Amino acid sequence: MNRASCLVLTAAMTVTAACAASLGTVAEARPSAVPAASCSVTADREKPNSVVVRGEGFKGASVTLTAAGGDGTWPGIPAPGGSFTRASLPDHVYTAESAQDPAVGCARAAAPQSPPPSPQTSPPPANEQYRTGYQQGLKDTLATCEKNPPQNLAPDPNWQSGYDKGAEAALGSKRCTGS
């Protein structure tokens, strides 16, 4: 092999190595295409006093829904492509989880905008206080897998009951139990 051939071959190998290194860097920098699991609860327009729970971003093939306070569990809901919809459920606070995903609190969809409350407006209904407390208890406890006292220093009794049940649900979730 003459000197000119060696230089051409060395230059080609250097370019190939540089390209391979840059491709590896690009592949590592690419963010995950799988979104985090989430779910929501909306009023069921077909059935009064019922809700529809929708989820997306789940890695498991099926999802288990659990109602707050032990009011029901719906295991094995198919989640093709990581999404599911379950209608005609009782109006409760829900969590959803799969074998590959930790428990996720299902957020209640925002109600239509209403005028600001007047000074004579009564406090939120008991079930709304419970629902809000449950969501906060679930969120706070899933963050550390330890039940912490609520940040709300003077909670409504219904809110406190919901907070306690949300914390209990989080402590029993796959994320906190490790199973």
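In the predicted model, Ala 96 is in contact with Cys 39, Phe 58, Val 63, Thr 64, Leu 65, Phe 84, Pro 102, Ala 103, Val 104 and Cys 106, leaving aside its neighbours within four places in sequence. Ala 96 also belongs to the largest nonpolar core, which has 18 residues. The residues with the most contacts inside this core are Ala 96 itself, Val 53, Leu 65, Phe 84, Tyr 94 and Cys 106. At least two core residues come from each of β1, β2, β3 (62-67), β4 (73-78), β5 (84-90) and β6 (94-98). The greatest contribution is that of β3, with three residues.

Strands β5, β2, β1 and β8 form an open sheet of four strands, in the order β5-β2-β1-β8 and with mixed pairing. Its edges are β5 and β8 (107-108), each of which pairs on one side only. Strands of a sheet pair through backbone hydrogen bonds, in a parallel or an antiparallel sense. Six bridges join β1 to β2 in the antiparallel sense. Among the residues involved, Cys 39 has Gly 55 in β2 as its bridge partner, and Ser 40 has Arg 54 in β2. The pairing of β1 with β8 is parallel and consists of two bridges; here Val 41 is partnered by Arg 108 in β8.

Ala 43 also lies in strand β1. Not counting residues up to four places away in sequence, Ala 43 touches Ser 50, Val 51 and Val 52. Ala 43 has a relative accessible area of 60% and is therefore exposed, the cut-off being over 50%. The C-alpha atoms of Ala 43 and Ala 109 are 8.5 Å apart in space, although the two residues are 66 apart in sequence.

Strands β1 and β2 form a hairpin with six residues between them. The loop between β1 (38-43) and β2 (50-56) contains Asn 49. Most residues other than glycine have a negative phi. In Asn 49, however, phi is positive, near 60°. Asn 49 counts as exposed because its relative accessibility is 73%. A positive phi of about 60° is also found in Cys 145, which is not a glycine. Cys 145 is placed in the loop between α2 and α3. With a relative accessible area of 27%, Cys 145 is partly exposed.

Helix α2 (residues 126-144) and helix α3 (residues 157-171) meet at an angle of about 35°, and their axes are 6 Å apart. Their crossing is right-handed. On the α2 side, the contact residues include Ala 126, Tyr 130, Tyr 134, Leu 138, Asp 140 and Leu 142. On the α3 side, they include Trp 159, Tyr 163, Lys 165, Ala 167, Ala 170 and Leu 171. The residues of this contact divide into eleven nonpolar, ten polar and two charged.

How values were computed
Residues numbered from 1 in each chain as written. Predicted model: local features only at pLDDT ≥ 70, side-chain atom pairs only at ≥ 80, totals over all residues. Heavy atoms only, no water. Axes fitted to C-alpha atoms, helices over the stretch in contact; angles between N-to-C directions. Left-handed = near helix turned anticlockwise from the far one by under 90°. Contact = heavy atoms within 4.5 Å. Nonpolar A, V, L, I, M, F, W, Y, C, P; charged D, E, K, R; others polar. Buried < 20%, exposed > 50% of the residue type's maximum accessible area, 1.4 Å probe, protein only. Core = buried A, V, L, I, M, F, W, Y, C linked by side-chain atoms within 4.5 Å. Pairing = 2+ DSSP bridges.
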